[in-house]
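Notebook open, structure loaded. I'm jotting down what I look up as I go.

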Amino acid sequence: MSTIQKDCADFLRMTFNNLTGGKLGSCHAHEIVASYFGYCTAAALRTEPKYQLSALDEAAILIPDLRLMDHRVQQLNGLPAGLPNVDELASQLSGFLSKNGYLSGEVWYTRDLEEYIEVSFIQEDPLMIEDALSGEMATTNAFFDELYIDKISLDVGDDVLVANVSGALNGENDPDKPFHGDSIAFTTMMTFERVAGRIGYRRPELETSGAVDDSYYCDEDA
């Protein structure tokens with residue numbers, strides 16, 4: 001059994017006892033920990049053949065499986081009264097991993113990963129895409145200031161998580177210069193390499209391509 005897996009389960013049990021004076025059983029704690037790391041059962045986590053929890057220190061991004069935690073907590077019989085909700089349990093586990101040096105990366109708490117990637121990952125650092133479109137921007141006379149995401153689709157594989165992003169970088173043409181387009185349609189493939197458990201990934205590698213839309217639209221008053 002992974003030392004980290006056992007340490008997390010022991011931590012949950014101790015924390016629950018300290019908070020409530022109640023007892024969280026060892027089996028229950030191990031099942032909750034397994035679901036946090038993306039496994040349907042503690043046995044599945046114990047027998048993980050490739051992505052051991054000992055490699056958590058290589059993960060730049062950890063995405064606790066909150067949906068699976070929701071499901072498992074509903075399934076488990078005999079859980080003690082007063083058990084914190086799933087979001088609090090996930091927060092406790094993440095804090096324990098960080099405090100004890102198992103994890104130095106960031107933690108993404110979400111039940112909708114597509115939305116999180118758009119709102120909390122891309123829009124907080126749009127230059128990760130915009131910089132890759134600098135060549136296309138240079139062919140225009142526009143000032144670009146809006147990164148619009150049209151669609152994100154996920155492909156979860158055994159070894160990688162791929163987010164396929166499509167959208168447009170929009171701007172306004174310099175009124176003193178000829179019009180050569182003020183929108184760039186783009187696609188970006190973000191590849192997150194799995195390193196630990198089913199939720200620990202390296203920073204993604206991005207491949208972005210784009211094309212300038214140089215069609216001109218004039219809105220004239222009737």
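Before counting elements, a note on terms: helices (H or I, at least four residues) and strands (E, at least two) are DSSP runs, numbered from the N terminus. On that basis I get eight helices and seven strands for the protein chain.

Ground rules for myself. This is a predicted model, where local features need pLDDT of at least 70, side-chain atom pairs count only at pLDDT 80 or more, and totals for chains, interfaces and linings use all residues. Residues are numbered from 1 along each chain as its sequence is written, and side-chain values use heavy atoms, with hydrogens and water left out.

**Entry: overall dimensions**

I looked up the radius of gyration, taken over C-alpha atoms, against the globule rule of 2.2 Å times the number of residues to the power 0.38. The protein chain has 23 Å, while a compact globule of 222 residues would be near 17 Å. Along the principal axes, the C-alpha atoms fill a box of roughly 70 × 40 × 25 Å.

Next, burial: I call a residue buried under 20% relative accessible area, exposed over 50%, and partly exposed in between (1.4 Å probe, protein chains only). By that count 42% of the 222 residues are buried.

For contacts I use heavy atoms within 4.5 Å. Of the contacts in the protein chain with a separation of 6 or more, 66% are between residues 24 or more positions apart.

How many residues of β4 are buried? Ten of its 14, so I have the strand down as mostly covered.

Pairing here means that DSSP finds at least two bridges between two strands. On one side, β3 (residues 142–156) pairs with β4 in the antiparallel sense over 13 bridges, and a hairpin of three residues joins the two. I checked two of the bridge partners: E146 goes with N170 in β4, and S153 goes with N164 in β4.

β4 and β5 also run antiparallel, joined by eleven bridges. Within that pairing I found S166 opposite T187 in β5.

A reminder to myself: in a regular strand the side chains alternate between the two faces of the sheet.

**Entry: N173**

N173 sits in β4, which spans residues 160–173. Why do I list N173 as buried? Because its relative accessibility is 19%, which falls under the 20% limit.

Leaving out residues up to four places away in sequence, N173 touches N141, A142, P178, F179, H180, G181 and D182. I also looked at F143: it is 30 residues from N173 along the chain, and their C-alpha atoms are separated by 6.3 Å.

Then polar contacts, meaning a pair of N or O atoms within 3.5 Å; within protein, one must be able to donate a hydrogen and the other to accept it, and residues adjacent in sequence count only if both atoms are side-chain atoms. The N173 side chain reaches the backbone oxygen of K177 at 3.2 Å.

**Entry: R194**

R194 is in β5 (residues 183–196). Buried or exposed? R194 is buried, because its relative accessible area is 11%.

What does its side chain reach? I noted a polar contact of 3.1 Å with the side chain of E48, and a polar atom of the R194 side chain lies 2.7 Å from the backbone oxygen of D158. Beyond four places in sequence, R194 touches residues including Y39, Y51, D159, V160, G200 and Y201.
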